[in-house]
Amino acid sequence: AGLCFSVAVLFCILVNSEKGERGSRLSSTSVFGRKSRKSASLNHIISKKIQLPKARTGLDAVSDSKSRHVSTKHDPAVALDQQRSQPFTVAPGVSKVKVDIYLESQGSASQVLTEWVIGPVVAAMDVDKIVDLRIYAWGNAHLMKPDNTISSADVNIEAVLRDGTPKFLCEHGPSECEGNAWINCLQDQYPDLHQWFLVFTCMETLSCSDTQAPVQDSIVGTGSVARIPCRGTPGEVVGGCLQEYGPELDVDKLKQCVSGERGARLLLESMQKTAALLPPMDHVPWFVVDGRVLNSPNRTDAFLLGKTICDAYADKVKAAQHLSAGDTVSLPQGCLFFPSAPPYFDVSNPVNQFGINLLWIVVGCLFGVSVTMLGCWKYYNSKDS
């Protein structure tokens, strides 16, 4: 029994050491789930923010995004030298690429992709000239009926507003409903991308998501699970974001929108836009580029947002100028730095967690049996003597 126990323990150690690295890589895919929880990569990404002196937003990371998102098809330095003599201008008669993003203000996946995808894409040089970005903040929220049951999205907005202030049920609590209203009101009151986007990225990346707790709670270390430091709810962090990135915006005007009928109307409109998606949204965030879903069924294709925008713009220019598919067109310099393939996650040998748990149960039973047999043997030997 002792020999069997020793062999089993050695086998468990070998299995865990072999699978541990794969498991840590595989855990990064959980940030794309509807209700994603702790992830090793997520902890590593977001924990960096507390080392920064101020909020890290998309437009603050222009140089970072250029160094990270390097295409393997060409040398960006050579391409930049070729384009410096000819500054980018939008082709006449070509419309912008329409990008609709459906997210929620306190979802961990929305937070990570805002910081690592949406922000760097908009920050890339001249890309803002070819993109028409709209964010619908609703996510997995619900409209509640007066009897506190969930209502369908097929309602008359005017009738709902006439009945009084509507009640909403958000996936991550009432603070997420407020954060969604802030995101919608920022775009409604200040439609210029350069006015609202910095404030949005600041609020989204500094708000506590579904795996986070405020900084003071994290330092104390209370709770049963590990927490990632953050600054507070969207309503608590948006004031500082407005001071730093939107000092020209009227705070009182925005607050009136968030807490008033206009904010409720925008939430209801986002609800109906989300419900009307085809194919239906099955995870958050959801990217739609010129009417085509980007990150479904392959969720990691969200990292190709920049390349997809540049390719869509190039197709529009070729169609407007009657160019062939092989012809080249002038693109924003930022298009040179976007990845041409999504991140790779090795899922060929996933961790067999059930097998590992079963193995430990068997080892524990063997250990218990061996200890019991040893105790009985010692007892009867001492009794006979």
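Predicted model: local features only at pLDDT ≥ 70, side-chain atom pairs only at ≥ 80, totals over all residues.
Residues are numbered from 1 along each chain as its sequence is written, local features need pLDDT of at least 70, side-chain atom pairs count only at pLDDT 80 or more, and totals for chains, interfaces and linings use all residues. Side-chain values rest on heavy atoms, with hydrogens and water left out.

Start with the overall tally. Take a disulfide to be a pair of cysteine sulfur atoms within 2.5 Å, and the count comes to five. Number the bonded cysteines along the protein chain and the pairing reads 1-2, 3-8, 4-7, 5-6, 9-10. Let's look at three of these links in turn.

Cysteine 185 pairs with cysteine 257, with 2.1 Å between the sulfur atoms. The torsion about their S-S bond is about -85°, so this disulfide is left-handed. Cysteine 185 sits in helix α7 (residues 174-189) and cysteine 257 in helix α11 (residues 251-259), so the bond ties together parts that are 72 residues apart in sequence. Those element names come from DSSP runs numbered from the N terminus: helices are H or I with at least four residues, strands are E with at least two. What about burial? Cysteine 185 has 0% relative accessibility and counts as buried, and cysteine 257, at 4%, counts as buried too. Here buried means under 20% relative accessible area, exposed means over 50%, and partly exposed is in between, using a 1.4 Å probe and protein chains only.

Next comes the link from cysteine 202 to cysteine 241, at 2.0 Å from S to S. With -75° about the S-S bond, this one is left-handed. Again two helices are joined: cysteine 202 belongs to α8 (residues 193-206) and cysteine 241 to α10 (residues 234-245), so parts 39 residues apart in sequence are tied together. Both cysteine 202 and cysteine 241 are buried.

Now for cysteine 208 and cysteine 230, whose sulfur atoms are 1.8 Å apart. Which hand does this disulfide have? The torsion about the S-S bond is about 85°, so the link between cysteine 208 and cysteine 230 is right-handed. Cysteine 208 lies in the loop between α8 and β6 (212-214), while cysteine 230 is in strand β7 (residues 228-230), so the pair connects parts that are 22 residues apart in sequence. Cysteine 208 is buried, with a relative accessible area of 8%, and cysteine 230 is buried at 5%.
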